[in-house]
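Reader: Hi! Could you walk me through this one?
Author: Happy to, here it is.

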Amino acid sequence: MRIVIALGGRALLWRSAPMTTEVQRRNARVAAQAIAPLAAGHSIVVVHGNGPWSSPLAQQADSYPGAEPYPLDLLDAGTQGMIGYLIQKELRNLLPPQTPVATMLTMITVDPDDPAFACPSTFVGPVYHRDASDTLAAKRGWIFRRDGTAWRRVVPSPEPQQILEIKPITWLLDHGAVVICAGGGGIPAVRPTSAPGVLADAEAVIDQDLASEMLAEDVGADLFLMATDVDGVYLHWGTPEQRRLDRVTSGELASYHFPGGSIGPKIEAAVRFAAKTGKRAAIGTLADIPGIVAGTAGTNVITQPGLRPPNPAASGAGITAGPITAGTEAGEATPHTTWTPAYGSPRPMAGAG
């Protein structure tokens with residue numbers, strides 16, 4: 001079975017965990033310990049988030065007088081290499097020496113006319129006081145929005161269109177490699193209408209879950225698994241009636257609206273994958289990965305109700321639950337349009353530099 005495992009930022013940096021290299025190494029080791037046992041019997045693709053790493057890298061440039069901030073494509077490339085290396089190293093320490101593991105820098109094209117470019121909405125980088133954000137907006141042309149009591153830069157989050165490295169990724173998988181790719185949603189690129197044969201960078205962020213879903217389609221995945229820090233999608237979260245959705249059809253799930261937050265894009269990606277491919281998508285924790293693969297843990301999203309395969313681990317299918325009502329990881333459902341992640345505890349305020 002071919003499995004795409006998307007490690008959310010919160011699966012790699014737990015809530016309130018300190019942002020240190022040692023913590024990142026430990027969390028990469030935990031992720032590898034959950035993934036490595038699957039490689040003996042399955043074809044594995046790993047995608048990771050980059051949110052926890054982007055802000056420190058962005059602030060490094062600001063710490064040098066006269067230095068310009070790194071553009072988002074360089075930050076994306078840097079985090080793909082850094083986090084990919086940590087996961088690759090830990091997987092190599094656990095897998096047989098003959099099992100190849102490769103990290104692939106991944107560019108993903110977006111439409112330059114995507115409506116998201118006219119309405120930046122995804123938070124990136126550190127938080128600022130209002131006066132510092134006003135200074136940066138005037139100096140660099142950045143757009144800021146309130147994030148709690150502070151201000152943060154917002155950038156467009158366009159839809160992914162094409163994974164440019166899909167051929168080498170597929171070749172590696174077909175030759176038995178464990179592949180780490182499309183980190184952080186990929187490096188966004190556009191083909192300008194004035195020069196369609198040229199790739200230009202885009203100051204944007206592609207949602208990791210939607211990029212992972214497209215990757216899962218392109219590589220012919222049998223299971224699309226999104227790992228986060230909660231064990232599934234809950235109804236009536238935070239109330240005495242809260243309960244986890246164990247199995248649900250894509251049609252049922254698509255009839256509800258979930259907040260942007262961290263769970264909203266995962267819901268959208270799971271529905272897309274199950275509806276387009278007829279195969280299973282799932283949401284759960286790293287610790288539950290064996291059970292999720294077997295279809296006995298997490299929230300499993302399928303297309304046809306009432307189907308229970310004789311061997312869930314081999315077939316990648318699941319079964320449906322009964323009728324449900326809307327609910328989310330973090331409260332009651334509301335319409336969502338864009339992803340606005342929040343990681344861990346509040347970060348220190350940054351100056352304008």
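**Contacts, sheet and a buried residue**

Author: Residues 24 or more positions apart account for 76% of the chain's contacts with a separation of 6 or more, where contact means heavy atoms within 4.5 Å. This is a predicted model, where local features need pLDDT of at least 70, side-chain atom pairs count only at pLDDT 80 or more, and totals for chains, interfaces and linings use all residues. Residues are numbered from 1 along each chain as its sequence is written, and side-chain values use heavy atoms, leaving out hydrogens and water.

Reader: How many helices and strands does the chain have?
Author: Eleven helices and 18 strands; these are DSSP runs numbered from the N terminus, helices being H or I with at least four residues and strands E with at least two.

Reader: In what order do the strands of the open sheet come?
Author: The eight strands run β3-β9-β2-β1-β12-β16-β17-β15, with mixed pairing; two strands pair if DSSP finds at least two bridges between them. At the edges are β3 (101-104) and β15 (247-249), each pairing on one side only.

Reader: And in which sense do β3 and β9 pair?
Author: Parallel, over four bridges. Thr-103 stands opposite Ile-180 in β9.

Reader: New topic: is Asp-209 buried or exposed?
Author: Asp-209 counts as buried because its relative accessibility is 3%; buried means under 20% relative accessible area, exposed over 50%, partly exposed in between (1.4 Å probe, protein chains only). Asp-209 lies in helix α7 (residues 208-218).

Reader: What share of the 353 residues counts as buried?
Author: 53% of them.
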